[in-house]
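Here is a short report on one protein chain. Keep the sequence and the 3D view open as you read.

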Amino acid sequence: MSDKEFGGTDDLSLPKATVSKIVTEILQPSPGVAFTKDARDLLIACCVEFISLISFQANEIAENETKKTIATEHIDKALRELGFPEYVQEVLASAGEHKDALKSREKKANKPGQSGLSDAELARQQEELFRCANAKFNQGPAE
């Protein structure tokens, strides 16, 4: 896995607003202390480099095990091999939380199946909602 495969590291970044939010949530507000844009950009570059390093190592581990998919255990091994064993427990906990969140999303996504209504009845209700919305739209602005 090389930079060329990803179009170079210049194309890789993290959302600046997300990084800023994480920084402000982690750091305790201190009067007179600010986080400059340059510092934020440097932090983003460091995060991208860290993620690339772990990803590369996890990919190597997966390939050595003749796996085509990088799994959680490959990230675990990569962190340990690269000298970051102190991160493993928290990373695995976060992975578990993410997995739980995905399960609850899947349950929510299946709500039509849980309604007890037939596909035809659901389609009829949807058409009625479309008709109502269309009527409201064509009515024009409320005065």
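Helices (H or I, at least four residues) and strands (E, at least two) are DSSP runs, numbered from the N terminus. The model is a predicted one: local features need pLDDT of at least 70, side-chain atom pairs count only at pLDDT 80 or more, and totals for chains, interfaces and linings use all residues. Residues are numbered from 1 along each chain as its sequence is written, and side-chain values use heavy atoms, with hydrogens and water left out.

**The whole chain**

The protein chain has six helices and zero strands. From the N terminus on, the order is α-α-α-α-α-α. Its accessible surface is about 11800 Å², and carbon and sulfur atoms hold 56% of that (Shrake-Rupley method, 1.4 Å probe; for residues, only the protein chains shown count as cover). Of the 143 residues, 12% are buried. Buried means under 20% relative accessible area, exposed means over 50%, and partly exposed lies in between (1.4 Å probe, protein chains only). Contact means heavy atoms within 4.5 Å. Among contacts with a separation of 6 or more, 40% join residues 24 or more positions apart.

**Two helices that cross**

Two packed helices are described by the angle between their axes and the distance between the axes. Helix α1 covers residues 16-26 and helix α2 covers residues 37-64. They pack at an angle of about 100°, with axes 10 Å apart. Axes are lines fitted to C-alpha atoms, for helices over the stretch in contact, and angles run from 0 to 180 degrees between N-to-C directions. Angles under 35 degrees count as roughly parallel, over 145 as roughly antiparallel, 65 to 115 as roughly perpendicular, and the rest as oblique. So α1 and α2 are roughly perpendicular to each other.

Which residues of α1 and α2 meet? Lys16, Val19, Ser20 and Val23 in α1 meet Arg40, Asp41, Leu43 and Ile44 in α2. By class, this contact has four nonpolar, one polar and three charged residues. Ala, Val, Leu, Ile, Met, Phe, Trp, Tyr, Cys and Pro count as nonpolar, Asp, Glu, Lys and Arg as charged, and the others, Gly among them, as polar.

**Aromatic rings**

Rings of Phe, Tyr and Trp (its six-membered ring) pair if their centres lie within 6.5 Å; planes under 30 degrees apart count as stacked, over 60 as edge-to-face and the rest as tilted. A search of the whole structure finds three aromatic pairs. Two of them are listed here.

| Pair | Centres apart | Planes at | Type |
|---|---|---|---|
| Phe50 and Tyr87 | 6.1 Å | 65° | edge-to-face |
| Phe84 and Tyr87 | 5.7 Å | 45° | tilted |

Phe50 lies in α2 and Tyr87 in helix α4 (residues 85-109), so their pair ties together parts 37 residues apart in sequence. Phe50 is partly exposed at 32% relative accessible area. Tyr87, at 41%, is partly exposed too. Ring pairs link Phe50, Phe84 and Tyr87 into a cluster.

**Around helix α3**

Helix α3 spans residues 72-81. Its residues His74, Asp76, Ala78 and Leu79 are buried. Gln57 lies in α2 and is buried at 19% relative accessibility. Leaving out residues up to four places away in sequence, Gln57 touches Ala78, Glu81 and Leu82.

Is Thr66 buried or exposed? Thr66 is exposed, at 70% relative accessibility. Most residues other than glycine have a negative phi. Thr66 is not a glycine, yet its phi is positive, about 50°. Just after α3, Gly83 also has a positive phi, about 90°.
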